[in-house]
Amino acid sequence: MSVDRESIISQYRLHENDTGSVEVQVAILTARINHLTDHLKIHKKDFSSRRGLLKLVGRRRKLLKYLRKSSPESYKNLIKSLNLRR
């Protein structure tokens with residue numbers, strides 16, 4: 001997989017031992033979504049991967065909704081840094 005988890009974690013973590021905060025989870029999911037989107041542009045009939053992509057998008061949407069409710073400033077910074085259209 002082309003997702004380099006360690007670099008994503010080091011870029012979006014909140015403190016030294018942070019590996020699972022909402023920001024890190026959203027960043028990792030965004031990288032996986034981008035990778036699957038590129039895959040599906042080539043393999044148009046790969047419906048099982050398309051279903052997995054939709055599940056990832058739903059999970060990311062729920063995490064972003066939670067982050068927007070709990071920490072709006074952090075939400076805005078994350079959306080801007082990941083170039084998401086929200």
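Which residues in α3 meet which residues in α4? In this predicted model, L64, L67, R68 and S70 are the α3 residues, and they meet P72, S74, Y75, L78 and I79 in α4. The sections below place this contact in the rest of the protein.

## Overall layout

The protein has four helices and zero strands. Along the sequence the pattern reads α-α-α-α. The C-alpha atoms fill a box of roughly 40 × 25 × 20 Å, taken along the principal axes.

The protein has 86 residues, and buried residues make up 36% of them. Among contacts with a separation of 6 or more, 45% are between residues 24 or more positions apart.

## Helix α1 and its two sides

Helix α1 covers residues 5-12, and I8, I9 and Y12 are buried in this helix. Seen down the axis of α1, the buried residues fall within an arc of 100°, so they line one face of the helix. E6 and Q11 are exposed on the other side of α1.

The buried residues of α1 pack against α2 and against α4, which spans 72-82. Y12 gives a detailed view of the surroundings: leaving aside neighbours within four places in sequence, Y12 is in contact with E23, V24, A27, L78, S81 and L82.

## The contact of α3 with α4

Helix α3 runs over residues 47-70, and its axis comes within 5 Å of the axis of α4. The two axes cross at roughly 135°. That angle makes α3 oblique to α4, because an angle counts as roughly antiparallel over 145 degrees and as roughly perpendicular from 65 to 115.

The residues of this contact divide into six nonpolar, two polar and one charged. Among the residues that meet here are L64 and L67 in α3, and L78 and I79 in α4.

## The nonpolar core

The largest nonpolar core has 23 residues. Within this core, I8, Y12, V26, L64, L78 and L82 touch the most other members. Each of α1, α2, α3 and α4 supplies at least two residues of the core, and the largest share, ten residues, comes from α2.

I8 and Y12 are buried residues of α1. L64 and L78 take part in the contact of α3 with α4, while L78 and L82 are also in contact with Y12.

Is N34 buried, partly exposed or exposed? N34 lies in helix α2, residues 22-42. Its relative accessibility is 44%, so N34 counts as partly exposed. N34 and S74 are 40 residues apart along the chain, and their C-alpha atoms are separated by 22 Å.

K55 is located in helix α3. With a relative accessible area of 49%, K55 is partly exposed, because the exposed class begins over 50%. From K55 to V26 the separation is 29 residues in sequence and 13 Å in space, C-alpha to C-alpha.

N83 is found in the segment after α4. This residue is exposed, with a relative accessible area of 66%. The phi angle of N83 is near 55°, which is a positive value in a residue other than glycine.

Methods: Residues are numbered from 1 along each chain as its sequence is written. This is a predicted model: local features need pLDDT of at least 70, side-chain atom pairs count only at pLDDT 80 or more; totals for chains, interfaces and linings use all residues. Side-chain values use heavy atoms; hydrogens and water are left out. Buried means under 20% relative accessible area, exposed over 50%, partly exposed in between (1.4 Å probe, protein chains only). The arc is that of the directions from the helix axis to the C-beta atoms. Contact means heavy atoms within 4.5 Å. Axes are lines fitted to C-alpha atoms, for helices over the stretch in contact, and angles run from 0 to 180 degrees between N-to-C directions. Angles under 35 degrees count as roughly parallel, over 145 as roughly antiparallel, 65 to 115 as roughly perpendicular and the rest as oblique. Ala, Val, Leu, Ile, Met, Phe, Trp, Tyr, Cys and Pro count as nonpolar, Asp, Glu, Lys and Arg as charged, and the others, Gly among them, as polar. A nonpolar core is a set of buried Ala, Val, Leu, Ile, Met, Phe, Trp, Tyr and Cys residues joined through side-chain atoms within 4.5 Å.
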